[in-house]
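Subject: A structure for you to look at

Hi there,

Here is the structure I promised to pass on. Please open it and have a look around before you read my notes.

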Amino acid sequence: MVENRLNVGKISEGVVLDHIPAGKSMEIYKYLHLDQMDCCVAIIKNARSGKLGKKDILKIESPVENIDLDILGFIDHTITVNIIRNETIVEKQILTLPKEIKNVIKCKNPRCITSIEQELDHVFFLSDAETKTYRCKYCEEQYHRH
Amino acid sequence: MRHLISPLDLTTDELKNLLQLAQEIERNPDKFKHACDGKTLATLFYEPSTRTRLSHEAAMLNLGGNIMGFSSADSSSAAKGESVSDTIQTIACYADIAAMRHPKEGSSYVASRKSPIPIINAGDGGHQHPTQTLTDLLTILNLKGRLDNMTIGVCGDLKFGRTVHSLINAMVRYTGIKFVLISPEELRIPSYVREDVLDKNNTPYEEVVRLEDALPKLDILYMTRVQKERFFNEEEYLRMKDFYVLNKEKMKLAKDDMYVLHPLPRVNEISVEVDEDPRAAYFRQVQYGVYVRMALILTLLDIHVD
């Protein structure tokens, strides 16, 4: 009898993002602009996880330098980043909350100058690491995560 | 290039120097009347604010300088869609320093990034109004002789009142400051001011609803207007509004050396009868606003008068 299993092969060089909260992989795919990268990407949704119950995994066959880990740190700094070389994990990178993020999220304050001047970058700074609070660099409005 | 975008752009030492300079100007205005000869201040007011604009203009004129500018977005290139950055780079060819008022928050900061001349934020939406804060600090210093060890009551609309938020931000840097926050439930100070500013600096505070309960404890009372449109219903507004009207009767509860400040304009939150009370300091505050803006212009232009 043939077993119904979903297998995704190993990658020889690249990055495996593990322990992504289930359902968040597409959001990360979008933020990392993986659609614009000419490399092999595997998105695994709802994989079994001892730690999380269910998790998502992203396998990206591209050197880590091409991936914006700052954005990843902003989305969820608990995601595990495994650097792969010769099909082996050679390094695990720890994500931190970036001090500043540019053009990842938009300020929703209708009174902010970014609401009328379209060419301005949307810049947020980390105002409180403990509460993971980010504020708009222009109007200081707090960014509320969903 | 120095700018003044937020009240916290100045360290307490820089602030001390600036306030001392303002006091020296008050004592000896003649000494400074040609300090800005040949210099021009541009007042870029994208929304009307006669009081703030005239105060900046009076400051520059008292220093011997010139003034130019506009007082509504309709009469500027903003009406044609010009960005704040482009406007300031153009104005910099005509003027040596600019004071800017704009309805959008963060506009002065955007202007300052490209500006070859100092920018004074004269109010950016509901965000910052640092020259009002400098005015408040100079007023408190002149009346009390110090900026530390006192109890400050702030009364009225503490939710939307940016002058109150800026004053709290500035005063928590001094030792021995206590706040009494006097407001209706709907207009309590926002949690980010309570948590990020007061709690973080271990500044003691209490929140009360009735002005009468707070008055006997205060060294300074900072009044603001309670606007009808801030209330959820009219009945609640009518019930509360008189709590926040300061009159002669309530002034009897206050200490003899408690001073009343107000960023003005007032509507009815301070009865006209209080104006005669020597503790009513809000019109002196307007005069101090000119001195402190004179000191600010000299500081930002790096002009020293011996």
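Predicted model: local features only at pLDDT ≥ 70, side-chain atom pairs only at ≥ 80, totals over all residues.

Residues are numbered from 1 along each chain as its sequence is written, and chains are lettered from A and ligands numbered from 1 in the order in which they are written.

Let's start with the domains, whose bounds come from an automatic or database domain assignment. In chain A, domain 1 covers 13–93 and domain 2 covers 100–136; their C-alpha centres lie 25 Å apart. In chain B, domain 1 is made of 7–128 + 288–300, and domain 2 of 131–285. The C-alpha centres of these two domains of chain B lie 26 Å apart.

How many residues of domain 1 of chain B are in contact with domain 2 of chain B? There are 18, and they meet 18 residues of domain 2. Two residues count as in contact if their C-beta atoms, placed from the backbone, lie within 7 Å. On the domain 1 side, helix H1 (12–27), strand E4 (119–124) and helix H11 (282–300) of chain B each supply at least two residues. Helices (H or I, at least four residues) and strands (E, at least two) are DSSP runs, numbered from the N terminus. H11(B) gives the most to that side, with six residues.

Next, find helix H3 (residues 84–91) and helix H4 (residues 107–114) of chain B. They pack at an angle of about 50 degrees, with axes 8 Å apart. Axes are lines fitted to C-alpha atoms, for helices over the stretch in contact, and angles run from 0 to 180 degrees between N-to-C directions. That angle makes H3(B) oblique to H4(B) (under 35 degrees is roughly parallel, over 145 roughly antiparallel, 65 to 115 roughly perpendicular, and the rest oblique). H3(B) brings B:Val84, B:Ser85, B:Ile88 and B:Gln89 to the contact, and H4(B) brings B:Ser107, B:Val110, B:Ala111 and B:Lys114.

Finally, the two chains touch: chain B and chain A put in 12 residues each. H4(B) turns up again here, giving the largest share of the chain B side, three residues.

Happy exploring!
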